[in-house]
Amino acid sequence: MKKYVISGGKPLYGEVSLSGGKNAVVGIIPATVLVKGVCIIENVPNINDVRELYEIMEKMGADISYIDEKTLRVDCTNVVSYVADYDAVRRLRASYYLIGALLGRFRHARVGLPGGCSFVERPIDYHIKGFEALGAKVSIEHGIVIADAEKLEGASMNLDFPSVGATVNIMLAAVLADGLTVIENAGKEPHIVDIANFLNAMGAQIKGAGTDVIKIRGVSELHGGRYEIIPDQIEAGTFMAAAAAAGGRVTIRNVIPKHLESISAKIEASGATVEEFDDYIIVSRDENTPIKKVNVKTLPYPGFPTDMQSQMAALLCRAQGTSIITETIFSYRFQYVDELRRMGANLTVDGNVCIVEGVEKLTGAAVKAEDLRAGISLVIAALVAEGITEISEVRFIERGYENLVDKLLSLGANVKVVDDEAEPTVSEAKIS
Ligand code: EPZ
């Protein structure tokens, strides 16, 4: 197992280019099950979640291969199995998209309940209600979601919450159904739009993605085609928070500024400058400009994304004054707090609110990534902490960030990757 060893206290200067969106690609790869033909998917990020899905698809009989390091070729024409490997699907959350895709293609699906970032209980009842509205019978037996349908008929439904996963999964089950499906109170995230655009490129008839009413008119089959995945707006936000926290001047290329509006607003409120251009932004903060306190409340898109909540907490640890972070998407998402406290942060959690009292400095410590976004918040904190921080369990971080260490090194950060068994270096931090 690997860990990152980061020597903090240096401002960041340079530029990074975003990778393809994690939450888009983990929907698009399962969606290829619906396609009888060859799908060429471009701008695929090299992350653990993609590797897990690659393995699952191969086991199901998909003809899948890399054309180059960022382009996947997937042909599901000859897939006949609607059973996904139980242990493999437990390794990530997005494997649940296979339920909608297999149900849509075969009218049957046998997919184990998902795993992935388990910072809180994450049910899939909205997904199941959507499948049932389309005419499927769904049960969970021995940890496996069993879905069967004589036929799938378009239906109108209203989501209790604009769930990203449920919106996508229902879309996947509906594209080959008979008739019109209308999803009200749908999620509007950019990755939902990207998955809808992919399906339309393959012959689906989906309208309204990105609004809260999505209409899917069923078609008889989908054909192959080529599609390029959008850049990852959460990766953009992560580097924006890192630049604002460490100070310096960072250019982030290959962005879609529209997707970053709520993040840019909070990064600017913290005292950093955000300059916006067509497909890149520059985030800067002079080291003499203090970090200002900011209140953050996570909301469905276009509100401030929950996937950026922990990165903001890391930034605000050294703000002047008290910031309040309110998490409204998940019932709990503060599992990074104890680890930041090891670095000297002053955080108090009360229900779905985290109160961040700014402190003068953070100090390096041995900390552990609890999940993807909790882990990345530790990376940001380590970049600004005095001394050396060791982050273990980085496999969680590498689920969603492609070439993170190389990108940080290109910004002048002092980061090393070592084996877990390596002698702890943090003890050096105690030398004073
Ligand atoms: C997706 O998770 C993302 N994952 C998450 O990103 C992201 O945090 C989340 O959307 C919100 O934006 C992927 O896209 C693979 P939801 P998902 O359904 O689909 C409740 C990351 O860090 N809910 O929008 O699971 C749920 O418990 C990951 O990249 C139900 O109650 O999120 C939560 O409170 C973490 N029943 C809320 O709705 C359901 O059937 C929003 O969940 C579904 C969801």
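Reader: Helices are DSSP runs of H or I with at least four residues, and strands are DSSP runs of E with at least two, both numbered from the N terminus. With that in mind, where is the place of P302?

Author: In this predicted model, P302 falls in the loop that lies between strand β17 (296-297) and helix α10 (309-316).

Reader: What kind of peptide bond joins Y301 and P302, cis or trans?

Author: The bond that joins Y301 and P302 is a cis peptide bond, and its omega is about 10 degrees.

Reader: Switching to the ligand, how many residues surround it, and which are the closest?

Author: The ligand is surrounded by 24 residues, and the closest of them are Y96, D125, S163, D307 and I329. Sorted by class, this shell has 12 nonpolar, five polar and seven charged residues.

Reader: And which helices each supply at least two residues of that shell?

Author: Those helices are α1 (22-31), α5 (125-133), α6 (164-174) and α12 (372-384). In terms of domains, at least three shell residues come from domain 1 (2-19 + 231-419), and at least three come from domain 2 (22-228).

Reader: Okay, what lies 2.6 Å from a nitrogen atom of the ligand?

Author: That is a polar side-chain atom of D125. Backbone N or O atoms also take part, with one from V164 lying 2.8 Å from an oxygen atom of the ligand and one from I329 lying 2.6 Å from an oxygen atom of the ligand. On its own the ligand has 830 Å² of accessible area, and the protein covers 92% of that.

Reader: Which pocket does the ligand sit in?

Author: The ligand sits in the largest pocket.

Reader: Last one, is phi of N43 positive or negative?

Author: Phi of N43 is positive, near 65 degrees, although N43 is a residue other than glycine, and N43 is found in the loop between β3 (38-42) and α2 (48-59).

Key: Residues are numbered from 1 along each chain as its sequence is written. This is a predicted model: local features need pLDDT of at least 70, side-chain atom pairs count only at pLDDT 80 or more; totals for chains, interfaces and linings use all residues. Side-chain values use heavy atoms; hydrogens and water are left out. A residue is near a molecule or strand if one of its heavy atoms lies within 4 Å of it. A polar contact is a pair of N or O atoms within 3.5 Å; within protein, one must be able to donate a hydrogen and the other to accept it, and residues adjacent in sequence count only if both atoms are side-chain atoms. Accessible areas come from the Shrake-Rupley method with a 1.4 Å probe; for residues, only the protein chains shown count as cover. On a 1 Å grid over the protein atoms alone, a cavity is a set of points where a 1.4 Å probe fits but cannot get out, and a pocket is an open set with protein on both sides within 12 Å along at least five of seven lines; lining residues have an atom within 4 Å of a point. A molecule sits in a cavity or pocket if more than half of its atoms lie within 2 Å of its grid points. Ala, Val, Leu, Ile, Met, Phe, Trp, Tyr, Cys and Pro count as nonpolar, Asp, Glu, Lys and Arg as charged, and the others, Gly among them, as polar. Domain bounds come from an automatic or database domain assignment.
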